[in-house]
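Reader: I've got a model open and would like to talk through its packing with someone. Can you take a few questions?

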Amino acid sequence: MNAQTERLTFTGAEGAIEALRDVPAGGAPARGVAVIAHPHPLFGGTMDNKVVQTLARAFVACGWTAVRFNFRGVGGTSGVYDEGRGELQDLLAVVQQAAPDGPLALAGFSFGAFVASHALARLWSERQIERAILVGTAASRFDVAPVPAEAHLSTLVIHGEHDETVPLAAVMDWARPQQLPVTVVPGGGHFFHGQLPLLKDLASRHLLSALP
């Protein structure tokens, strides 16, 4: 993402997990660590995906350390695709090693949002999770976990109005029983082509907002 991007290798259940870390400019202490999950591994999803990079930029600009990583079987990460089960273990392993304590944020795009939802549900009662951002959540394709009620104010769900991969209606069907708000980007597709600056702005506003 920039000249200061640090390449890391974490250890997961299947072996190495390839990751990248970016820190806020100026050497100021970070607000916490954000772990960001990428889209579907079998359809070209990697930690270099443009939406994932956009989320990382938003976190860094708002004072967070951003860590994105490749799921098992992608790039230099060991293992093979596991339909979300093993990928959740990958994400939890990165959290444990990159952010063992202190404020934590979780984010994900598409398949990564599905995995991040389960990490949020798993960790909510154990950790201080300050923010969560779920983008293009793959609710039509996977069993996305409900967001804990206490986490609703700190969670931002963003979806494109004309998402061609995950219909907006599927995300609304997931969110409606929870009364969880969804921010809809007018005219937006799954990959937010031409709208990444708006996506970054929405994420940044959420990260900088004061919670009750």
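Reader: Which residues does Trp-174 touch, leaving out those up to four places away in sequence?

Author: Keep in mind that this is a predicted model. Trp-174 is among the residues that touch the most other members of the largest nonpolar core, along with Val-35, Leu-91 and Leu-106. Skipping residues up to four places away in sequence, the partners of Trp-174 are Leu-134, Ala-139, Val-144, Ala-145, Pro-146, Val-147, Val-157 and Leu-180.

Reader: And which helix gives the most to that core?

Author: The core in question is the largest nonpolar one, with 45 residues. Its top contributor supplies 8 residues and runs over residues 111–123, and that's helix H3.

Reader: How many residues are in the second, separate core?

Author: Look for Ile-36, Val-51, Ala-58 and Val-60, which are included in that second core. Val-51, Ala-58 and Val-60 also turn up among the buried residues of H1. The count for this separate core is 25 residues.

Reader: Is H1 largely enclosed or largely open, and how many of its residues are buried?

Author: Buried means under 20% relative accessible area. The H1 residues that pass include Gln-53 and Thr-54 as well as Leu-55 and Phe-59. They pack against strands E2, E3, E4, E5 and E6 and helix H5. H1 is largely enclosed by the rest of the structure, because the buried share is 9 of the 12 residues.

Reader: What caps the N-terminal end of H1?

Author: H1 covers residues 50–61, and Gly-63, with a positive phi near 95°, follows it. At the N-terminal end, a side-chain oxygen lies 2.8 Å from the backbone nitrogen of Val-51, and the residue supplying that oxygen is Asn-49.

Reader: How far does H1 reach from its first C-alpha to its last?

Author: H1 has 12 residues, and 1.5 Å a residue gives an expected reach of 16 Å. The model comes out close to that, at 16 Å.

Reader: Is Ser-110 buried or exposed, and what is its relative accessible area?

Author: Ser-110 is in the loop between E5 and H3. Beyond its neighbours within four places in sequence, it contacts Pro-39, Val-135, Gly-136, Thr-137, Ala-138 and His-190. Ser-110 is buried, with a relative accessible area of 8%.

Reader: What about Gln-179: buried or exposed, and with what relative accessible area?

Author: Gln-179 is in the loop between helix H4 and strand E8. The cut-off for exposed is over 50%, so Gln-179 counts as exposed at 71%.

Technical notes:
Residues numbered from 1 in each chain as written. Predicted model: local features only at pLDDT ≥ 70, side-chain atom pairs only at ≥ 80, totals over all residues. Heavy atoms only, no water. Core = buried A, V, L, I, M, F, W, Y, C linked by side-chain atoms within 4.5 Å. Buried < 20%, exposed > 50% of the residue type's maximum accessible area, 1.4 Å probe, protein only. Helix = DSSP H or I, 4+ residues; strand = E, 2+ residues; numbered from the N terminus. Contact = heavy atoms within 4.5 Å. Expected span 1.5 Å × (residues − 1). Polar contact = N/O pair within 3.5 Å; in protein donor to acceptor, adjacent residues only side chain to side chain.
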